[in-house]
Amino acid sequence: MIKHLTPLCALLFAATVGSAADYFDETKATTLFGFDTVSIPHTQNLRIEMRQPKRHPANPVVPRGAPGTPDAQGVQFYGSIIKEGGKYRLWYVAFDDDKENPVASDRWRAAYAESTDGLKWTKPNLGLVEYKGNKNNNLIDVDPSPLGFVNLKVLRDDEDPDPQRRYKATGHVYFRHNTRLGSLAAFTSADGLRWKMVKDVRTKGAELQEKDLLLPAVHFEPSGGLYKWDGMFYASGQNSMNSTRPYHGRVTRMYRSADFVNWSQTSTLGFVRDAQHTLLGAGRSREGEQTHEGISVWNRGNVLLGVSGLWHGAKEWKDVTIDLGFMISNDGNQFREPAHEWTFIHRGEDGQWDQGGVIQGQGFENIGEETFIYYGAWDPRHWQDAPPRGGVGIVVVPRDRLGDLVVETVGKGPGDYQNLEITSEFITTSLPVKKAAAPQFYVNAEGLGKEATLRIELLDHLERPIPEFSGKNAAIISQNGFQTPIPWNGKNKISGLPDRVRLHVVFEGKKNTDIRLSALYIREE
């Protein structure tokens, strides 16, 4: 019990609890990540180093269910996680083990789990949908029904004045046109558990009919990601058709809507890998390096972070594997890799639950001093014989430390440039400041100390130093932290700024190569 702790232990306990509780929500701030070359376009003698996340030892945190349950055959985390108050809510696709069911799409359903800490999850008995003669399960209610899901992304939309549309979801469903093709379905809900499609339709064989499609009648596999950007809803997915330039295989495309009901019939090419510029020819769509299933998105307000599949193709299915890459976008349409062809999450080794292939879920949470990135599993080498599949896993990095700016040391050994005094510094893009606002500035960095400091100045839009916040009045940061305040003249709330400012940051000291700067934050609450 706490009352038996020694004074020192009690102090440490209080500090730990307080530090976790005192973190502000970074998604409500403007974030300038160290690897964001649009937000931080001007640098000297610095380089980007991405951080390799580590698998959580509790994986999979959401396993498959027992035989006879709706997710006995698979927990497919082409899903979503949203935090609301003290609860984390998770939506995923459940795949049952009823192999006698002749209707293939009828075996795939939308399901739900929840957690108080983001790590230990329960599948609540919702009592909404009948399965095998009773409603004792965690299936969510979807109208129309039955309707088979392969992918399901959920968004909470507090900007919608209609509480019946508070939650929005997009899913990958099927329709028939000579063969079975994928397309987009869109739903709204008041509580995230009872959903209605945005169009009144009737399904056939747990699939849509072509006349009821929201998108053109082409094969499209949504919804790798669902996000709202600049007033528009975007559904990310994959297809290999209707590009203005020819590419090989699966590419990332986004369809969009202003009202979530009427979707544009045009789409955006969001990302394509270098190898896809080389056409391998007809009949080889499985082969080569490709993207896979669009981009799952972490909307950080001023920037989008994302995870996308890295398809390692082959002539035969038994040799196809999938890893996950990392993306960023500053406009909601075009995504790029901060590190070229870098693998963010590697597939598991043979014999592990995530062997052969990993898939992107839309689950990103800053919890205490860590960032959890949630993912799923699908081994494409065995898709034809359909063994039990999936689960939900977590990889972890320190809080918001996905990648860093560090001092460049390559090429500075004996005989190179050891006698040159090169300043290690950057200047940010021009940042708008709200009228009459008093923004607060923070830095997420480590490796700081007496001989490793950050010198931070404020400049105007034309990069002229603002005297009160530069030169002798510059802020000097020597303290490590995930959200270390940047004070000028002893104040953290800065008033009287022009309508646009830039930050000028210099890595100083004999040990400045120890510094790792992950992000800057600007709050205007």
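Visitor: Which residue takes a positive phi in the hairpin of β18 and β19?
Guide: Gly 301 does, with a phi near 90°. Four residues sit between the two strands of that hairpin. Keep in mind that this is a predicted model.

Visitor: In what sense do β18 and β19 pair, and over how many bridges?
Guide: They pair in the antiparallel sense, over nine bridges. Strand β18 covers residues 289–299, and β19 covers residues 304–312.

Visitor: What stands opposite Glu 289 in β19?
Guide: His 312.

Visitor: And how does β19 pair with β20?
Guide: Antiparallel again, over nine bridges. Strand β20 runs through residues 321–329. Across that pairing, Ser 308 stands opposite Gly 325.

Visitor: Is β19 mostly covered or mostly open?
Guide: Mostly covered. Nine of its nine residues are buried.

Visitor: New topic. Where is Val 38 found?
Guide: In the loop between β1 and β2. Strand β1 is residues 30–33, and β2 is 42–44.

Visitor: Why is Val 38 called partly exposed, rather than buried or exposed?
Guide: Because its relative accessible area is 41%. Buried means under 20%, and exposed means over 50%. So Val 38 falls in between.

Visitor: What does Val 38 touch, leaving out residues up to four places away in sequence?
Guide: Asn 330, Arg 336 and Thr 429.

Visitor: How far apart are Val 38 and Trp 108?
Guide: In sequence, 70 residues. In space, they are 41 Å apart, C-alpha to C-alpha.

Notes:
Residues numbered from 1 in each chain as written. Predicted model: local features only at pLDDT ≥ 70, side-chain atom pairs only at ≥ 80, totals over all residues. Heavy atoms only, no water. Buried < 20%, exposed > 50% of the residue type's maximum accessible area, 1.4 Å probe, protein only. Pairing = 2+ DSSP bridges. Contact = heavy atoms within 4.5 Å.
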